[in-house]
Amino acid sequence: MSRQGGRGTESKKMYWYLPFISPSASLQLMNSELFTLTYGALVTQLCKDYENDDDVNKQLDKMGYNIGVRLIEDFLARSNVGRCHDFRETADVIAKIAFKMYLGITPSITNWSPGGDEFSLILENNPLVDFVELPDNHSTLIYSNLLCGVLRGALEMVQMAVDVKFVQDTLKGDSVTEIRMKFIRRIEDNLPAGEE
Amino acid sequence: MADEALFLLLHSEMVAGMYRAAEQGEGENGRCTTKLESMGFRVGQGLIERFTKDTARFKDELDIMKFICKDFWTTVFKKQIDNLRTNHQGIYVLQDNKFRLLTQMSAGKQYLEHAPKYLAFTCGLIRGGLSNLGIKSIVTAEVSSMPACKFQVMIQKM
Amino acid sequence: MTIHNLYIFERGGRCLFYSEWHRRRGPGIPQEEEFKLMFGMLFSLRSFVAKMSPTDMRDGFVAFHTSKYRLHYLETPSGLRLVLNTDLGVPSAREALQHIYGNLFVELVVKNPLCPPRAPVQSLLFRQRLDAFVRSLPYFGPRNPQN
């Protein structure tokens, strides 16, 4: 017995993933979706508060940065990962440990630049966008832009200045979601980083 | 599946973000609580939507409130509500002695004046969850000593 | 066996937290200067150890001792420096420092939205829990004059 959904194709998609299930099983799903739903509510609110997509993207990046500078400490404490010796090691740690720990997925690492200072993270599926559809009037919205800010903020705290951006997005019809990360420079000691 | 720490930090940053925007003149202060509450409302609705609703499962209003206190609270905050009281006339008080969004802040009076900002989203969460279970309500919260807090639910007759 | 005091610094040199339990003697300079001195010394020692180490380094500088006390040091990749001074009865305080970082600092300061990042810690809860933890350590004894 299932509830009448009011959301058209989204509801149908949802029910495909969730056949009739026992309450305890659905509670598990409830839990995993708290973050996704909260993030969705945030993006929706920001779209109401800001005139254009670019401003929303900037806000998401800034908020992500503020989250990243704190999240890194939680990550370091729980993963026991030491200092990375090079950008390749950093990429591995991000994809195989951090993404797994926080989002339950392991993106693959590809497209290394010849200089070893740029790579891509390929996400087959992005947990942030479960059941999300971008409305037509938000074609330049980078829905998951928070992630870019998080990565940038977290890495700044371990002395790496990086540039992070989405180059492919399943929400925009691409087959995968691709995040490009570029190493800019090492941040030397005695430069306190902080909140924006 | 997203980690608990991620939700905690996202929630904190949402509160900070709303108030930062208000300070910079992008909205009045009072609106912040409303915005946080309505985000919570949307999330509460969404969470319950995933739960197979079978109205026959719940005998009555009290049964629904118990569900909120046990299953719903455990799913979201990893623990149950510690105490549920009601006047049997549509008012319920849910008491959480160690509210997960406050435990990192203080064990007493420090930072007390900031606590309400961190309760607005959850008030909406409860209201949204109830809404999708067929109950219209008004939810408010109060804290007198961290990290304990009380959520008051006033059922609105539809 | 006893514990004297604890300092927590951030990468830029600011002292975020200080607490003492059995400190018998002060440095005779104002606290601000004491913090600068401590941080400066740690900074130099770190570089020195990195440069002059006769073997490959693993953790780098972790401790030094005098005839009376031992200074234990933990540095996180995020630049937080924790310093614990104990008497010589404590060979290693690494686990305690890791607990202070991971279970106390991260949980009660980093995850406290009312504590700005990398600012001196005002949280009473952190101070209380840290104090309780330090006092619970097996080597936090009453002062033992025979060190």
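**Figure 1. No salt bridges link chain C and chain B.** The count of salt bridges between chain C and chain B is zero. Here a salt bridge is a side-chain nitrogen of Lys or Arg within 4 Å of a carboxyl oxygen of Asp or Glu. Polar contacts do cross this interface: the rule finds three residue pairs, both residues at pLDDT 80 or more. A polar contact is a pair of N or O atoms within 3.5 Å; within protein, one must be able to donate a hydrogen and the other to accept it, and residues adjacent in sequence count only if both atoms are side-chain atoms. This is a predicted model, in which local features need pLDDT of at least 70, side-chain atom pairs count only at pLDDT 80 or more, and totals for chains, interfaces and linings use all residues. Residues are numbered from 1 along each chain as its sequence is written, chains are lettered from A and ligands numbered from 1 in the order written, and side-chain values use heavy atoms, without hydrogens and water.

**Figure 2. The interface of chain C and chain B.** In chain C, 12 residues are in contact with 13 residues of chain B. Contact means heavy atoms within 4.5 Å. The buried area is about 1,000 Å², and carbon and sulfur atoms give 64% of this. Buried area is the accessible area (1.4 Å probe) that two parts lose on being put together, summed over both. On the chain C side, C:Lys111, C:Pro113 and C:Leu114 lose the most area to chain B, together 53% of what that side buries.

**Figure 3. Elements of chain C that touch chain B.** Helix H2 (94-110) and helix H3 (124-136) of chain C each give two or more residues to this side. H2(C) gives the most, with three residues. Helices (H or I, at least four residues) and strands (E, at least two) are DSSP runs, numbered from the N terminus. By class, the side has seven nonpolar, three polar and two charged residues. Ala, Val, Leu, Ile, Met, Phe, Trp, Tyr, Cys and Pro count as nonpolar, Asp, Glu, Lys and Arg as charged, and the others, Gly among them, as polar.

Figure 4. A:Arg78 forms a salt bridge with A:Asp74; their closest N and O atoms are 2.7 Å apart. Both residues lie in helix H3 of chain A. They are four residues apart, about one turn of the helix. Over all chains, the whole structure has 27 salt bridges.

**Figure 5. Two loops of chain B.** The peptide bond from B:Met146 to B:Pro147 is cis, with omega near -5°. B:Pro147 is in the loop between strand E3 (136-145) and strand E4 (148-156) of chain B. B:His88 has phi near 60°, a positive value in a residue other than glycine. B:His88 sits in the loop between strand E1 (83-86) and strand E2 (91-96) of chain B.
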